[in-house]
Amino acid sequence: MLSMILKMSAVTALYVLLTALIWLRTRGRKLSLIQKLAIGLIYGACAVLSTHFGVDYSHMMLNVRDLGPLSAGLFFDPVSGMLAGLIGGIERYIAGTYWGVGSYTRIACSVSTCLAGFVSALMHIFIFRRKKPSAVYAFFMGAVMEVFHMYAVFITHRDDMNMALYVVRVCAVPMIVFTGLGMAASSVALQVCAGEWKNPFRRVSAEEVPVSQRFQFWLFAVTTAILTLNLLFAFGLQTQIAIQDARNTLVTVSGDIRDTYVKLRQTEENTDALAGETARMQALAIAEAAAHAGGLETADAAFLERMRDIYDLVSVASVGADGKVLQSAGESPSYAALLDEVLSGASESQAINPSTVRSVAGARCGTGMIRVVVDKKSLAEALNLSGLNETLSYFHVGRTGTFDIIRANGLVMAGEHRDSTLTTDAIRTLAAKPTETFFQASLFGTEALCRTENLSDDLKLLALLPMEEVYADRDAQAYESALAGIMLFTVIYVLISQLVQAIVVNNLQLVNASLHRITRGHLDEVVSVRNSSEFASLSNDINQTVGVLKGYIAAAEKRIEQELEFARTIQDSALPKNFTFPRHDFELFATMDPAKEVGGDFYDFFFVGDDRLALVIADVSGKGIPAALFMMRAKTAIRGLAESGREPAEILYRANNTLCEGNDAEMFVTVWLGIIDLRTGQMQCANAGHEYPTLMRAGGEYALFRDRHGLALAAMEEVRFKGYELQLEPGDRLFVYTDGIPEAIDEHTEQYGTDRLVNMLNATRDEPLRQVLPAIRRDIADFAGGAEQFDDITMLGFAYYGSEKGGDGHEGTDA
Amino acid sequence: MKIDKKLEGSTLTLALEGRLDTTTAPELEQVIRAELDKADALVLDFGKLEYISSAGLRVLLSAHKAMAKKGGMKVTHVNEMVMEVFEVTGFSDILTVE
């Protein structure tokens, strides 16, 4: 047993190893027809090897041949599976028919192997849809295939159920288990190789279990329970029927034997009477003959001898009046003495030894007597009556059952165990059991169903049927119905799970896929699963919900749009728009063009005192309402600090700390700040991470002014900024902007860049700023073409004319 | 934008490809927020980054602040254009750029 398990495990392990190796070699590749055929050949060869190197167990050759086609078909390709099945199956038939390898099961084996190839091919295509089966499914594939194999053994040997039962009894469990385990192990091995292996014993929350799996679990549980109950019920019924049949057999046979015994017994009694009568008649005849011859005295030994021959007697003797034997033929003195003794008794006949039964008779002859002894047996034989035993030998109990006629002392008089004696235990058992009832005992070494019957006071008829025979049919039928049941169950299981898959799960997946698209924003998706009322109504409900949702979203969008419009207006109104100043020593123009929605850019300018003008341009990271709000904070902070007359670097330092406070959104703002003294043209500046300003000296060209930089505001606390000073001369122009300009892109994501900006500025350097800025905006728009504007475009131009021009209309200058 | 995640030991490397702007910055922010617990140090590989906007800078800044308490953050393979943005905005002063 252990050696069988080890050998089978080793063979199975080889299959698993082969499958893993082939899989690793062909991993991820699309198999060509040649490769498919090659895999089929390899597994076909393995199946053939399995046929010829089976594992010997209880005179049976166990194998896992079906693993070949199953593995090829399930794990690789249907073509491979079918080829391997055909090779293995056909070779098995040839081997069985011509080479005498396991010829008894050749049809069952070859059919099941061929079928394994086709079934695995079909399962691969239709059930597993060309995916690797899970270990559980693989196990059942292998196991059910072997169940079919065993069932085929029964089907093909309807006329010889006992042998078929023996084959199945020995082979069923190991072959089913090992083929199943082999498939499961292969599946696990492939999953491990593919890195898809998940521990099946891991606790999974209900959310992770698909409907189909849960349904299949319960379907499995319920069908298994039904199958088991059905089998148990049938088994119980079969047991009852088997016992009833056995009892009927025992009763019938016992009755027949009893009748025969009685008949024979009567014949025997008749023989007794006949023998007595015959003996008397013969004695009389001899006495008469002797009287004729001249009396008892004349009957000499020769006469008696002649008489003995004529009448075929055991012995004959003449007895005198005194009872003494005068002459005798065939009577020894001791025998005579015995006869005397017997004759003095009442009975006429007596068994003198067990095998010879004789009758004695005497006839008066003168004063004496002639006595004869006849052999009843020879008489009976002459009457053509066979012995009890010979008659009884024609009776039989079932196929392997026996009967015996037993004396009370345990001596078996007739039957199977004639001339032997029962053991004391058996005698005690027999004595204890009432007659004409059934009981189970092991009287002659095998457990059997027994029944006794009294033939006479001394004799008992015991008929018994070994339990093995009693239950032979039941066991065969139990195996057969279990095998058939498992196959039927498998078919039902597969069909029902496919139906549920088609009717429910697939629809659910369709609905889910639609919902998924809807959640990803495709609100125009329409769910249209209409093949059942429930799904139709579900589809309608979802479509309706989405419709309503779309309405809400549209409304919300409109509201947000309106609010953003307001926000834009508010933001816009926060930027100073009045570019006409009651003085002519400078010109100033600025625009802010938000991208799509409210942005985070801003510009600002304001007087700090009478002659000092502060210019601010800033860019808040991000967009939308948060950026706009942050922008307002920054703008207010800078303006407030500037108006208190501080230096730009100091203003930025303080504004930074203010903005860092409670900056949970982690926004920041780049700021360029310049404060010019319009009287002197001296400008104090500071730059917190903002774009480089461009500067044009009077009569010259614009150029980037790579100024000293600090970190953007609100990025880190306590950042110190280093300011710098610009001396503007009359005719100088300063142009600051946000990154929306250089980073504006065209359709090829090429950036506008600072070079284009500088060129454009130079091209328009003599024009009033009021026209320069829109011209730049137009140029950027032309450059962008169809590309979307990502960022706010904000710019501020400042031209310094100094006091030379400032004469006319100069109001409120320092006195 | 494409974000390539790689966790080696306790160092998380994020290789960015494409444009880091208003539309893509939230994506990076989400990835960093999701992965940061696992990592002690963060390396941002900007080798294939074409462009960074202020929204991208904001994500960098918050990542920098979060990592300052742990193993720090490094930005590597920064191209000229992005470097210019860092310099202009002063981020080159606070970020570790290699």
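1. Across the interface of chain A and chain B in this predicted model, the rule finds 0 salt bridges.

2. Within chain A, helix α3 (residues 67-76) and helix α4 (residues 78-98) have axes that come within 6 Å and cross at roughly 165 degrees. Because angles over 145 degrees count as roughly antiparallel, α3(A) is roughly antiparallel to α4(A), and α3(A) passes α4(A) in a left-handed crossing.

3. On the α3(A) side this contact is made by A:G68, A:P69, A:A72 and A:G73, and on the α4(A) side by A:P78, A:S80, A:G81, A:A84 and A:G85. Sorted by class, the contact of α3(A) with α4(A) has 4 nonpolar and 5 polar residues, and no charged ones.

4. Helix α17 (residues 624-643) of chain A packs against helix α18 (residues 648-660) of chain A at an angle of about 140 degrees, their axes being 9 Å apart. That angle makes α17(A) oblique to α18(A), and α17(A) passes α18(A) in a right-handed crossing.

5. The residues that make this contact are A:F630, A:R633, A:A634, A:I638, A:L641 and A:A642 from α17(A), together with A:I651, A:R654, A:A655, A:T658 and A:L659 from α18(A). By class, the contact of α17(A) with α18(A) has 8 nonpolar residues, 1 polar residue and 2 charged residues.

Conventions. Residues numbered from 1 in each chain as written. Chains lettered and ligands numbered in written order. Predicted model: local features only at pLDDT ≥ 70, side-chain atom pairs only at ≥ 80, totals over all residues. Heavy atoms only, no water. Axes fitted to C-alpha atoms, helices over the stretch in contact; angles between N-to-C directions. Helix = DSSP H or I, 4+ residues; strand = E, 2+ residues; numbered from the N terminus. Parallel < 35°, antiparallel > 145°, perpendicular 65-115°, else oblique. Left-handed = near helix turned anticlockwise from the far one by under 90°. Contact = heavy atoms within 4.5 Å. Nonpolar A, V, L, I, M, F, W, Y, C, P; charged D, E, K, R; others polar. Salt bridge = Lys/Arg side-chain N within 4 Å of Asp/Glu carboxyl O.
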